[in-house]
Amino acid sequence: MEIVCKNGVPETTGQPLNVYEQTQNRLEKVFSSFDNIYVSFSGGKDSGVLLQLCIEYIRKFCPGRRIGVFHLDYEVQYGETIRYVDEVLASNSDVLDVYRICVPFKVPTCTSMFQKYWRPWEEEKKDCWVREMPAGAYTYRDFPFFSRRMWDYDFQRSFGRWLHRLKKAKRTCCLVGIRTQESLNRWRTLHLEKARCFKRTKWIKSWDTSIYNAYPIYDWLTTDVWTANGKFHWPYNHLYDLYYQAGVPLEKQRVASPFISEARTGLSLYRAIDPDMWGRMIGRVNGVNFTAIYGNTSAVGCRQKIQLPTGYTWADYMRFLLGTLPENVRQNYLNKLEVSIQFWREKGGCLADETIEKLRAAGIPIVIGEKSNYKTDKKPVRMEYMDDSDLSEFKELPTFKRICICILKNDHTCKYMGFAPSKMEKEKRRLVMEKYSKLML
């Protein structure tokens with residue numbers, strides 16, 4: 001691809017820019033606006049292409065400059081991903097400052113009814129590690145802000161602040177390889193909260209004082225990613241070749257922590273693709289083998305396959321399932337249920353007019369409010385919990401069946417029920433982060 005450049009910025013002869021050329025313009029903006037830049041690199045196709053774009057840009061237009069690479073090493077991962085990460089980091093050491101993180105923060109797991117999280121690289125379980133810690137990795141001893149109460153996403157934020165101070169930077173930018181094609185949530189990340197935009201640039205967002213996230217490949221398609229890899233002969237994670245051979249559709253080929261809910265249905269692939277890793281990981285986290293076997297069945301809450309036992313209502317089945325759980329886990333679900341019941345009775349959920357008409361037609365008692373405190377055209381609807389609903393808006397309505405699905409999915413946060421972190425949980429997290437930030441000053 002021939003690109004005419006002036007001062008490092010691609011120019012064309014009046015033709016519309018393709019996504020590669022647009023990204024060159026975006027990187028020029030990033031490298032001219034921020035003195036401290038690092039790339040969040042998971043080993044997946046998107047972050048891999050973004051990192052290659054940055055390496056290429058530096059060598060062409062910013063000789064002598066370096067960027068950081070932030071890699072959360074979750075210990076349990078496909079061997080191909082580990083080999084790819086090792087190769088990219090080692091072969092570009094002339095331009096990369098590598099931060100390979102091997103820290104025992106909390107990582108969500110959907111494989112167990114007994115635990116909400118597991119900890120990679122936990123020293124107390126070193127005899128169970130699936131592999132040796134990589135040479136030169138950063139451990140919890142390197143980060144004064146680390147606390148065992150931290151989740152992996154808390155650590156990412158604290159790392160950004162730590163690196164900003166360490167580099168004594170004026171402005172820090174973390175480059176993230178997310179694409180809006182992947183999900184609605186990613187689209188919303190780009191198009192909402194305009195007040196946080198850097199100089200009215202929607203793909204650069206502020207999340208702390210002088211610290212930003214940037215998404216230079218947000219408009220790339222999956223086909224663009226693979227076209228770039230082929231056209232420029234960039235190294236890539238050959239796990240995707242194995243995914244393809246295993247019949248995994250392109251849109252479902254992802255690299256992620258293997259025990260989160262989004263990875264449940266693909267957990268069984270480890271047995272076929274990486275049997276050596278599989279043999280070690282089933283003894284690392286509780287419930288892995290069970291989830292791999294039954295991940296696509298009613299046993300773990302697949303809505304299309306779940307069936308109500310004969311003689312039970314969904315409320316009865318919920319009570320039965322709760323009775324099989326440890327006390328602390330059971331109480332967690334009961335607390336969530338109590339909050340949800342009170343919410344639907346007193347405030348009401350926001351529903352579209354079409355859904356309201358369907359509820360009326362079904363003879364379900366509802367009370368419709370005039371307006372909601374949320375920014376939406378939908379109306380608040382107060383109602384009691386139902387046992388089940390055959391409406392297409394099932395996931396928007398309060399039913400005991402949804403609670404049952406949460407329990408079967410080991411969805412401890414009740415994300416399937418629409419729960420987000422509560423104000424109290426957010427405030428606790430904010431206070432903890434503020435406390436440890438001050439300790440670093």
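In this predicted model, strands β3 and β4 (residues 67–72) pair in the parallel sense over three bridges, where strands are DSSP runs of E of at least two residues and helices runs of H or I of at least four, numbered from the N terminus, and where pairing requires at least two DSSP bridges between two strands. Because the model is predicted, local features need pLDDT of at least 70 and side-chain atom pairs count only at pLDDT 80 or more, while totals for chains, interfaces and linings use all residues. Residues are numbered from 1 along each chain as its sequence is written, and side-chain values use heavy atoms, leaving out hydrogens and water.

**Strand β3 and its surroundings**
- On its pairing with β8 (residues 172–176), β3 runs parallel and is joined by five bridges, with Val176 as the bridge partner of Ser40.
- Five of the five residues of β3 (residues 36–40) are buried, so the strand is largely enclosed by the rest of the structure; buried means under 20% relative accessible area, exposed over 50% and partly exposed in between, with a 1.4 Å probe and protein chains only.

**Salt bridges**
- The count comes to 21 salt bridges, each defined by a side-chain nitrogen of Lys or Arg within 4 Å of a carboxyl oxygen of Asp or Glu.
- Lys401 and Asp388 form a salt bridge with their closest N and O atoms 4.0 Å apart; Lys401 is buried at 11% relative accessibility, whereas Asp388 is partly exposed at 33%.
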